[in-house]
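Please read them with the structure open.

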Amino acid sequence: MRRYAITFQIRPGTEAAVRKLLSEYAPPDWETSDGTRLLSTSIFMHGTTVVRVIEIDGDLPSVMAHLSRQPGIQRLERELDAYLAVPRDMSDPEGVRAFFASALMDHVTTRVAGPARSEPVQAEPVQAEAVQVEAVRGEAGRAEPAEPFRADPVRGEPVR
């Protein structure tokens, strides 16, 4: 499982309308045609800052393309445009790529509890995740994982 987050700003005074939009939209289809699964989505707001978090099992670009074709997501994005502090162009693939390149947050770390009665385990950032983030930002081919991704079979987090 990998987690990704994007952030964007909304105009002051629009918080209630944005909160309503983001809490009432229909969920997307959870699986892409290539088998990548969207495991969860979460949205957080603080003032005029919105953070959208997704957890996936598979390929980030595949999920992004999949979500961009979902009618409910398309409708939500069009409605959100009226409230954004910084305009964006989601009408073509280049505009979508530009938005995600600027809005995608860097994953710093994930901490996962160990077995019962143990201290929390700090997992290092997933190298494969960093490569996918760079691919979304247009850096495909320049970043290679330092070592292959291996996941702990119980926690699903990276093993070094």
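1. Glu 55 has a relative accessible area of 18% and is therefore buried, the cut-off being under 20%. The model is a predicted one, and the accessibility given here is computed from it.

2. The side chain of Glu 55 forms a salt bridge with that of Arg 3, with an N to O distance of 2.8 Å. Glu 55 belongs to strand 3 and Arg 3 to strand 1, so this pair ties together parts that lie 52 residues apart in sequence. Arg 3, at 27% relative accessibility, counts as partly exposed, whereas Glu 55 is buried.

3. The count of salt bridges comes to six. Among them is the pair Glu 24 and Lys 20, whose closest N and O atoms are 3.0 Å apart. These two residues are four apart in helix 1 (residues 15-24), a separation of about one helical turn. Glu 24 is exposed at 55% relative accessibility, while Lys 20 is partly exposed at 47%.

4. Helix 4 holds both Arg 97 and Glu 94, three residues apart, or about one turn of the helix. They form a salt bridge in which the closest N and O atoms are 3.2 Å apart. Arg 97 counts as partly exposed, with a relative accessibility of 33%. A network is also present: salt bridges that share partners join Arg 52, Glu 77, Asp 81 and Arg 88.

5. Turning to open space, the largest pocket has a volume of about 450 Å³. It is lined by 23 residues, and those closest to its centre are Arg 52, Leu 67, Ile 73, Glu 77 and Phe 100. Arg 52 and Glu 77 are also members of the salt-bridge network.

6. Which elements each supply at least two residues of the lining of the largest pocket? They are strand 1 (2-9), strand 3 (49-57), helix 2 (60-68), helix 3 (71-81) and helix 4 (93-103). By class, the lining comprises 16 nonpolar, three polar and four charged residues.

7. His 66 is placed in helix 2. Is His 66 buried or exposed? With a relative accessibility of 8%, His 66 counts as buried, because the value is under 20%. Leaving aside residues up to four places away in sequence, His 66 touches Asp 29, Glu 31 and Thr 32.

Definitions and conventions:
Residues numbered from 1 in each chain as written. Predicted model: local features only at pLDDT ≥ 70, side-chain atom pairs only at ≥ 80, totals over all residues. Heavy atoms only, no water. 1 Å grid on protein atoms, 1.4 Å probe; cavity = no way out; pocket = protein on both sides within 12 Å on 5 of 7 lines; lining within 4 Å. Points joined across faces, edges and corners; volume = space filled by probe spheres on them. Nonpolar A, V, L, I, M, F, W, Y, C, P; charged D, E, K, R; others polar. Buried < 20%, exposed > 50% of the residue type's maximum accessible area, 1.4 Å probe, protein only. Contact = heavy atoms within 4.5 Å. Salt bridge = Lys/Arg side-chain N within 4 Å of Asp/Glu carboxyl O.
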